[in-house]
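Thank you all for making the time this morning.

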Amino acid sequence: MQYISNYFKLDELGTNVRREVLAGFTTFISMAYILFVNPSVLGASGMDKGAVFTATALASSLGCLLMGILAKYPIAIAPGLGVNAFFTYSVVIGMKIPWQTALAGVFVASIIFMIITVFKLREAIINAIPHNLKLAIAAGIGLFIAFIGLHDGGLIVANKSTVVGLGSLNVSTTWLTIFGLIVTAILMTRKVPGAIFIGMVLTSVLGLITGLIHLPSAIISSAPSMHPTFMVALTHVGEINSLQLVVVVLTFLLVTFFDTAGTLVGLAEQAGFMKDNKMPRVGRALLADSSSMLVGSLLGTSPTSAYVESSAGIAVGGRSGLTAVVTGLLFIVGLFFSPLLSVVTSQVTAPALIIVGVLMAQSLKQIDWQQLEIAIPAFLIVLGMPLTYSISDGIALGFIMYPITMIAAGRRKEVHPLMYGLFFVFLIFLWILNVN
Ligand SMILES: Nc1nc2[nH]cnc2c(=O)[nH]1
């Protein structure tokens, strides 16, 4: 115990083992839903849900353990919601790229992410992209996953005359979504730890009682085999050979890199770790994420990110890497609960998607809406993501508009050369998509 306390510097951080364990549990309960939501989202791309479940648990566990032990932060890592939706809906379903190739794209992006981190290019890249556009990406992803949740839960449906509209309230399963959304919203508002998880449990129970969800055959079982997805990424790397796939890899990289970097800084501010506006050991934290993304792609899951839900553990006092280690160990325990997958239907996951969307949309408030040369591209990113049903299309719209409005405002010297490069990359990308 003394060794643990010394290693994680618990005394120095003004914390103790008991508080750290409680924080680790709190964070785990807040994000355990991803064990079920990730297989549901990636399963829609044709991937085996059981294999994704096991890959999700292992990649999350590894990410949390690395973050705890190497970077010593109370920050958890797991496959990001949003980027998994991009994987399924934009890349596999939209661009008709096989999931095996998409997984290879995640693998390639993770290697670039590692190189950027190890060779300290990270500051240069973080600085090249305007802060307001990074905020817009986070917010846009929030709107995108909320839109997916509203649609999957039956609340928003396609409509021939108005494009989209309110779903029919005569569909009984939609009432499960409504119930889940209200319960989760109340629990979140009252700051109950694990609100999203509890909301999902209560919605599933209501589904079981009303017969809208069928009883699972068991609760505990051995972890499902990863055979259908294991090492598939490696054998398909050769298929990353078109501009379309280069843009897909770039999007995986941009989204994961900025999501993680932004979330790390946000959480470090919350926990009081920032020194001179900089986060100490940020390289190690990014390495923890890029390593779990790399391993995750080989096991069978979309990119991992630092999780906003870590703020729940920090809020109950978690300050050291021990918090993340506890969360990581709990993901191993989670491996044995795969039979519950069948209970977690899209109506059960919908409220989680909508509420996490709200959390991610909070960065809207920091965007400088007064300067139109910034506001217009930022707005296109934010609105573009849900309306095009694609993170990369949203980024493309904003990144193409940005140099145009900046030049119009007489601020062309403030545009980083990389942004001019991305202007052409995304222009060609949209053009290729249109040709198809
Ligand atoms: N930062 C972050 N937190 C999440 N929590 C659930 N999904 C995500 C995600 O994609 N990014």
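Ile-115 has a relative accessibility of 41% and therefore counts as partly exposed, a class that lies between buried, under 20% relative accessible area, and exposed, over 50%, with a 1.4 Å probe and protein chains only. This is a predicted model, in which local features need pLDDT of at least 70 and side-chain atom pairs count only at pLDDT 80 or more, while totals for chains, interfaces and linings use all residues. Residues are numbered from 1 along each chain as its sequence is written, and side-chain values use heavy atoms, with hydrogens and water left out.

Ile-115 sits in helix α6, residues 99–118, helices being DSSP runs (H or I) of at least four residues, numbered from the N terminus.

Turning to the aromatic rings, two rings of Phe, Tyr or Trp (its six-membered ring) pair if their centres lie within 6.5 Å, and planes under 30 degrees apart count as stacked, over 60 as edge-to-face and the rest as tilted. By this rule there are 14 aromatic pairs. In one of them, Tyr-7 and Phe-8, the ring centres are 5.0 Å apart and the planes stand at 85°, so the pair is edge-to-face. Tyr-7 is partly exposed at 27% relative accessibility, whereas Phe-8, at 9%, is buried.

Tyr-89 and Tyr-389 are also edge-to-face, because their centres are 5.6 Å apart and their planes at 75°. This pair links distant parts of the chain, 300 residues apart, with Tyr-89 in helix α5 and Tyr-389 in the loop between α17 and α18. Together with Phe-144 and Phe-147, Tyr-89 and Tyr-389 form one aromatic cluster.

Definitions and conventions: Helix = DSSP H or I, 4+ residues; strand = E, 2+ residues; numbered from the N terminus.
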